[in-house]
Every structure is written in C-alpha cells, then in structure tokens.
Amino acid sequence: EKFDRLRYVEIKHGRISMLAVVGYLVQESGFRLGGNIDLAGTKFTDIPNGFAAFAALPTAGVLQLLLFVGLLETGIMKDVTGTNEFPGDFRNMNPAGGLDYGWDTFTDEEKLEKRGVELNNGRAAQMGILALMVHEQLGVSLLPQA
C-alpha cells in the first residue's frame with residue numbers, strides 16, 4: 001500500500017517533469033504563442049522564460065494556472081473507478097472506455113518494459129528540470145547559444 005503510493009507519486013512527478021523539460025526547451029527555443037495573454041494587451045512574447053515568468057504574469061493568470069492544476073489534481077488525474085492496473089494508470093478517465101491507446105494489446109512483458117521506460121524517463125526528467133532551474137538561477141545556460 002505505501003509502496004504503491006510512493007510509486008504513484010514518483011510516476012506523477014516524472015510525468016510533470018517530462019512536460020516541464022519540454023516546455024522549458026520550447027520556450028528557450030524562442031517559440032511563443034501569438035496574441036495577448038490578457039485584456040490589458042500583454043503579449044505572450046512579453047513574458048520571459050523560467051522563474052521570471054511568475055513575476056511577469058498577471059495575477060489572474062497565476063490564479064487560473066493554480067485553479068487548473070488543482071482541478072487536474074483533485075478531479076481528473078486519479079484512479080476514478082478504483083480499477084487501475086498499476087499505480088499511475090489513468091486510462092479510466094473517459095467514461096466511454098478510457099484512454100487505452102492500445103495498451104491492452106501489449107503482452108505482460110511489453111507492459112512491464114514500457115512502464116520501466118516511463119519510470120526511468122521520468123527520473124531523468126526530474127534531474128533535467130532541476131538542472132535547468134538551478135543553472136537559470138546561477139545565470140549559466142545549459143543550452144547552446146546561437
């Protein structure tokens with residue numbers, strides 16, 4: 001029971017970290033959405049990367065982010081039916097049959113391998129986003145400068 005909870009938390013943090021690393025790299029590459037982020041005319045391009053973005057975001061935007069993450073945490077990203085196959089299995093989110101994407105077509109050995117790959121990628125992403133954040137605060141970029 002306790003191990004399953006710890007594994008669930010590890011998988012969740014790994015998934016968040018994988019998204020964070022991709023988001024950080026996309027932002028650093030210069031990609032920005034077009035248009036304005038608020039009604040006052042603040043453009044997406046006016047928001048800096050990393051920690052500086054929190055200070056530049058409008059208060060309502062930060063509150064929307066917190067509300068969205070809270071909604072995901074409490075209502076969506078969990079085992080809704082209690083029938084998950086393993087910790088972190090959220091295929092049952094969709095009442096029409098779940099988010100399977102072919103998972104049930106894999107053999108037990110393939111499932112175990114894919115779960116191991118996700119776990120290891122999540123661990124690597126946790127270290128990766130930590131390194132990106134630390135180096136940002138140190139003022140040293142890990143990314144090649146053009």
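**Entry 1: what lies over α1**

I started with the cover over the buried residues of α1, which includes α3 (59–76) and α4. I am working on a predicted model, where local features need pLDDT of at least 70, side-chain atom pairs count only at pLDDT 80 or more, and totals for chains, interfaces and linings use all residues. I number residues from 1 along each chain as its sequence is written, and side-chain values use heavy atoms, with hydrogens and water left out.

My list of buried residues in α1 holds Y8, I11, K12, G14, S17, V21 and Y24. For me, buried is under 20% relative accessible area, exposed is over 50%, and partly exposed lies in between (1.4 Å probe, protein chains only).

**Entry 2: the chain overall**

I counted four helices and zero strands in the chain, giving the pattern α-α-α-α along the sequence. Helices (H or I, at least four residues) and strands (E, at least two) are DSSP runs, numbered from the N terminus. The chain has 146 residues, and 18% of them count as buried. I then looked at contacts (heavy atoms within 4.5 Å). Of those between residues at least 6 apart in sequence, 46% join residues at least 24 apart.

**Entry 3: α1 against α4**

I recalled that two packed helices are described by the angle between their axes and the distance between the axes. The axes of α1 (residues 2–28) and α4 (residues 108–138) come within 7 Å and cross at roughly 50°. Axes here are lines fitted to C-alpha atoms, for helices over the stretch in contact, with angles from 0 to 180 degrees between N-to-C directions. The pair is therefore oblique; under 35 degrees would be roughly parallel, over 145 roughly antiparallel, 65 to 115 roughly perpendicular, and the rest is oblique.

I noted the crossing of α1 and α4 as left-handed: the near helix is turned anticlockwise from the far one by less than a right angle, whereas clockwise would be right-handed. On the α1 side, the residues that meet α4 include R7, I11, G14, M18 and Y24. Their partners in α4 include L119, G122, R123, I129 and E136. By class, this contact has nine nonpolar, seven polar and six charged residues. Ala, Val, Leu, Ile, Met, Phe, Trp, Tyr, Cys and Pro count as nonpolar, Asp, Glu, Lys and Arg as charged, and the others, Gly among them, as polar.

**Entry 4: spans and ends**

I checked α1: its 27 residues reach 38 Å from first C-alpha to last, close to the expected 39 Å. The expected span is 1.5 Å times one less than the number of residues. For α4, 31 residues reach 45 Å, close to the expected 45 Å. Just after α1, G30 has a positive phi of about 100°; just after α4, G139 has a positive phi of about 80°.

**Entry 5: inside α4**

The buried residues I found in α4 are K111, L119, G122, A125, I129 and L132, and the buried residues of α4 pack against α1. Leaving aside neighbours within four places in sequence, K111 touches E85, W103, D104 and F106.

**Entry 6: the loop between α1 and α2**

I looked up R32 in this loop and found it partly exposed, at 21% relative accessibility. Beyond neighbours within four places in sequence, the contacts of R32 are Q27, F44, T45, I47, P48 and N49. D38 sits in the loop between α1 and α2 (52–56) too.
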